[in-house]
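Dear colleague,

I am handing over the structure below, together with an account of what was found in it. Please read the notes with the structure open beside you.

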Amino acid sequence: MMETFTKRTTGRPAHWEVAGLSWLAEQKSAGGADVVEVVGLDSGGLTESRVVETGASPDAASDFGRRLAVTHDVHDVNWGEGPRGWEGSGYRGPNQRLLDLPLTPQESWGVMYAENQLMSLVPDAGYDATGVAVFERLAQRLRDGEFETGDSPARLHGDLWSGNLMWTSDGCVLIDPSAHVGHRETDLAALALFGCPYLDRIINGYNEVHPLAGGWGERVRLHQLSMVLMHAVVFGGGYRREALEIARAYG
């Protein structure tokens with residue numbers, strides 16, 4: 001009998017998570033990453049199959065990198081959209097303070113990242129006028145296409161820090177997404193934000209399937225900014241300073 005785990009998140013956020021997991025799982029049959037199985041959703045919360053962790057290994061990390069590249073593949077979508085069939089805004093942030101994630105379709109990654117991911121958070125991050133101006137300068141550079149790589153839109157996990165990877169005896173399993181259409185470099189940058197075991201092997205595996213655009217390493221902090229800024233809104237403190245420093249470096 002399958003062991004299960006029930007998360008006490010109910011209502012629209014739970015439906016948001018289910019939509020993201022289902023969308024990510026669409027690529028499993030094509031060789032994409034494994035995704036935790038949703039068993040049920042009711043007034044008691046979201047019930048998933050229980051994942052038994054065993055720890056990461058170099059081979060599992062390489063395999064996950066290859067599979068993540070396949071998961072990212074998606075067609076006939078627009079930058080900024082949510083999972084297939086989802087309507088309205090999505091959600092991001094920790095359960096104790098969920099924040100809206102605008103899912104407005106945009107003409108380019110730069111416009112999407114500026115409007116949906118960054119400037120939607122800046123008003124609540126506690127910056128003075130000088131700080132806001134730093135983000136506005138960066139947003140304009142993004143809108144102007146200065147950081148575009150020519151990549152097509154990707155199916156993102158959207159909250160891919162290492163805590164949302166479950167390493168099992170059969171490989172890596174994705175949990176807790178904030179899934180949307182964005183730039184593939186954003187998921188990879190998120191893995192690097194708080195540290196991830198065998199990250200170099202993940203990147204190398206990814207490159208075997210979908211080589212990253214030249215200079216990707218120089219854009220890591222830019223792609224981390226949305227997550228750092230979200231932490232600035234929720235927690236303040238050092239995250240607020242860190243987000244401002246990143247925005248200043250690219251703006």
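A residue is called buried when its relative accessible area is under 20%, exposed when that value is over 50%, and partly exposed in between. Please keep in mind throughout that this is a predicted model.

Asp176 is located in the loop that runs between strand E9 (171-174) and strand E10 (180-182), and its phi is near 50 degrees, which is a positive value in a residue other than glycine. As background, most residues other than glycine have a negative phi. Tyr198 is likewise not a glycine and has a positive phi, of about 55 degrees; its place is in the loop between helix H5 (184-193) and helix H6 (199-209), and with 36% relative accessibility Tyr198 also counts as partly exposed.

Turning to the strands, three of them form an open sheet in the order E1-E4-E3, with antiparallel pairing. Strand E1 (4-7) and strand E3 (38-42) stand at the edges and have a single partner strand each, so one side of each of them is left without a neighbour in the sheet. From one strand to the next, the twist averages 20 degrees. Between E3 and strand E4 (residues 45-49), the antiparallel pairing extends over four bridges, and Leu41 has Leu46 in E4 as its bridge partner. Helix H1 (residues 12-25) packs on this sheet, where it touches E1, E3 and E4, and the direction of H1 makes about 155 degrees with that of E3.

The remaining findings concern the nonpolar interior. In soluble globular proteins, nonpolar side chains tend to be buried together. Here the largest nonpolar core has 62 residues, and those with the most contacts inside it are Phe64, Phe135, Leu138, Leu142, Leu165, Leu225 and Leu229. Helix H7 (residues 220-235) gives the most to this core, contributing 10 residues. If residues up to four places away in sequence are not counted, Leu229 touches Leu118, Leu121, Val122, Ala125, Tyr127, Phe135 and Ala243. There is also a second, separate core of six residues, among them Ala19, Trp86, Leu101 and Leu103.

With best regards

Technical notes: Residues are numbered from 1 along each chain as its sequence is written. This is a predicted model: local features need pLDDT of at least 70, side-chain atom pairs count only at pLDDT 80 or more; totals for chains, interfaces and linings use all residues. Side-chain values use heavy atoms; hydrogens and water are left out. Two strands pair if DSSP finds at least two bridges between them. Helices (H or I, at least four residues) and strands (E, at least two) are DSSP runs, numbered from the N terminus. Axes are lines fitted to C-alpha atoms, for helices over the stretch in contact, and angles run from 0 to 180 degrees between N-to-C directions. Contact means heavy atoms within 4.5 Å. Buried means under 20% relative accessible area, exposed over 50%, partly exposed in between (1.4 Å probe, protein chains only). A nonpolar core is a set of buried Ala, Val, Leu, Ile, Met, Phe, Trp, Tyr and Cys residues joined through side-chain atoms within 4.5 Å.
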